[in-house]
Amino acid sequence: MNPNITNPHIEAGISPDRAFQLNLINSCLQFVANAISWFFSAWFGRRTIYLWGTATNITLLIILGICASVTQNTATSYAQAVLGILISFVFAGTLGPISYTIISETSSVRLRALSTAVGRAAYYVAEIPMIYLASQMLNTTGWNLAGKCGYVWGGTACVCWMMAYFFLPELKHRSYRESDILFNRKVPARKFKSTIIDARDNE
């Protein structure tokens with residue numbers, strides 16, 4: 001961890017001891033959320049989980065930005081801290097784990113290994129500027145946006161939601177043969193779930 005990056009809970013006006021307690025609670029809740037995601041992935045489709053998880057976090061991020069924009073006091077400080085924990089909880093139960101399932105299912109069988117490797121490499125490349133931006137937004141020596149960074153990440157999350165709505169297919173209960181046929185037919189991502197593939201089809 002970069003020693004120059006200050007703990008966001010401390011930046012929100014919370015004492016170091018309380019910030020430590022909140023971080024501990026956050027880690028425990030992320031573990032619980034990850035366990036809950038096992039059941040979510042069995043009950044709901046990948047597209048459904050991703051879209052609703054993203055929409056929920058967009059809402060929480062905008063509320064976080066609003067809390068940081070009003071006159072600051074103890075109540076707003078704790079509100080920002082709790083919202084940060086809720087955002088992490090939602091991510092750990094929806095977007096985080098389901099992304100790995102989506103990556104493994106949406107690639108064609110022949111290119112699955114290559115697609116996964118390229119996707120992971122792209123993630124690491126994109127992470128470099130994200131870490132820099134996060135530190136700049138949170139640090140008092142940087143842009144000092146604190147909770148207002150919720151507006152920034154909420155905006156980028158909106159872009160992700162729109163991209164997922166138009167381009168993320170639903171592949172729950174689809175075999176690799178069926179997914180390859182759907183992609184070969186250039187079926188719109190939104191219609192993957194409703195499109196019927198005959199058992200005799202082989203393209």
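## A walk along the helices

Start by selecting A146, which sits in the loop between α6 (112-138) and α7; helices here are DSSP runs of H or I with at least four residues, numbered from the N terminus. A146 is not a glycine, yet its phi is positive, at about 50°.

A word on what is on screen: this is a predicted model, in which local features need pLDDT of at least 70 and side-chain atom pairs count only at pLDDT 80 or more, while totals for chains, interfaces and linings use all residues. Residues are numbered from 1 along each chain as its sequence is written, and side-chain values use heavy atoms, leaving out hydrogens and water.

Next, go to H173, in the loop between α7 and α8 (176-184). H173 also has a positive phi, near 70°, in a residue other than glycine.

Now select helix α3 (residues 46-69) together with helix α5 (residues 95-106): their axes come within 10 Å and cross at roughly 145°. Axes are lines fitted to C-alpha atoms over the stretch in contact, with angles from 0 to 180 degrees between N-to-C directions. To see the contact (heavy atoms within 4.5 Å), show R46, I49, Y50, G53, T54 and N57 of α3 with L95, I98, S99, T101, I102 and E105 of α5.

Finally, stay on α3 and pick I66, which lies in this helix.

Conventions: Helices (H or I, at least four residues) and strands (E, at least two) are DSSP runs, numbered from the N terminus.
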